[in-house]
Amino acid sequence: MDAATSLATRVRSGDRRAVARAISAVENDSAQGRQLLAELAGHPGHAHVLGITGPPGAGKSTLVNALVKEFAARGHSVGVLAVDPSSPVSGGAVLGDRIRMGEVHAQERVFIRSLATRGHLGGLTRGTQDIVAVLDAAGFDVVIVETVGTGQSEVQITSVAPVKTVVCPPGLGDDVQALKAGVLEIADVFVVNKADLPDAARTEGELRTMLALRPPQRRPKVLQTVATSGQGIAPLADELLRLSAGAPRRGARPAPAPPADAHPTAPQDPASLLQHLAGRDAYRAHLGLEFVEGGDHHATVKLAVRAEHLNFFGSCHGGAIFSLADTALGLACNSQGSIAALVDAHLTLSVGVRLGDVLTARAVQTSSSRKLAVYRIDITRQDATLVASLTGTVYLTGKPLPAT
């Protein structure tokens, strides 16, 4: 058993030290981290993933601290990812959020990790989605992602958490107008924190006025909390779990409805469906690409480099490498039985490939929304050297796969 496989096994058993090591490997985008994610991709957990965002000074960390205590008191294990600004000296996280959560950090069922933004925009850090996957695979019941203090356009939390809470401080005033075109539109629930301050009622009223323009069924609740005293925390926890229960979980894939015009013999489970699709792919067969395995939103394809794959320099042709990555991506993104079409791709080549090398492409979904999904495909050589990486965005048509 290699190091990444061993680490993945320990993560799945809930070993906290292994979880910390795994997060570091993923955060540093190391070869072990990428292999670890591939190992964990087929073992999703059951976590409620909750996003907490809002402008600076709203009291997000104090609110998260109160929510962690509430969930832990109900018997849930809780993982927290707190995104901090990067230190201008070390480049690491400033750790302000972890300091504010010191009261719950020592609890056995609580795991808190600070992440530095490292210049990444959007309120999160690069790799947040993958780190959530590590906590989910480790078996945490609830995973809370707290963004750094956000502005109008920092809405990347939507790609990570199915349920988003926007925390607003009392006296938001005209800032509601400034923010409503961005971060306020992503909220599944609003929280006016520090509700013991005089302007709390006015801020709640302004939010309700803004929401009155929406259809009743699309209006999120507006709740008041005083995180320092625990006031309003239990109703907020109830609402978050209620919303999460109706949202897609990581790994909880709804069974696809049989399409009316699908091939009558097409299998419905993702693994068998991908085997079926690979068998129908004439271009894959022409290039000698071997389908290895696949399932929900992931697929692995191999290529043994032969003479016909070489260019005039005697190296493997870039087009063959792209085709290998694209084939893995195409299988992974169609694993749910509906058509997904590539709309954008970016390939980075790291090292050359020679005759006789064996390449393995592993495609894994990194984020998705209602219409778009993003996949990362890492291509490694037989000695585990990373040869190339492709990032692809696909459009989810929602239409069933064709019958032939």
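**An antiparallel sheet and its surroundings**

Strands β11 and β12 run antiparallel and are joined by 8 bridges. Strands here are DSSP runs of E with at least two residues, helices are runs of H or I with at least four residues, and both are numbered from the N terminus; two strands pair if DSSP finds at least two bridges between them. Within this pairing, threonine 360 stands opposite threonine 380 in β12.

This is a predicted model, in which local features need pLDDT of at least 70 and side-chain atom pairs count only at pLDDT 80 or more, whereas totals for chains, interfaces and linings use all residues. Residues are numbered from 1 along each chain as its sequence is written, and side-chain values use heavy atoms, with hydrogens and water left out.

The pairing continues on either side of these two strands. Strand β11 (residues 358-368) also pairs with β9 in the antiparallel sense, over 7 bridges; there, leucine 359 in β11 is the bridge partner of leucine 303. Strand β12 (residues 372-380) is joined by 9 bridges to strand β13 (residues 386-400), again antiparallel, and valine 374 stands opposite threonine 393 in β13.

Together, 6 strands form an open sheet with antiparallel pairing, in the order β8-β9-β11-β12-β13-β10. Its edges are β8 (289-295) and β10 (338-349), each of which pairs on one side only. On average, neighbouring strands of the sheet are turned by 20 degrees against each other, direction ignored. Axes are lines fitted to C-alpha atoms, for helices over the stretch in contact, and angles run from 0 to 180 degrees between N-to-C directions. In general, strands of a sheet pair through backbone hydrogen bonds, either parallel or antiparallel.

A helix accompanies one end of this order. Helix α11 (residues 270-279) lies across β8 and β9 (298-304), and runs at about 160 degrees to β8. Contact means heavy atoms within 4.5 Å.

Arginine 34, in helix α3 (residues 31-41), touches Asp29, Arg376, Asp378 and Leu386, not counting residues up to four places away in sequence. Arginine 34 counts as buried because its relative accessibility is 19%, where buried means under 20% relative accessible area, exposed over 50%, and partly exposed in between (1.4 Å probe, protein chains only).
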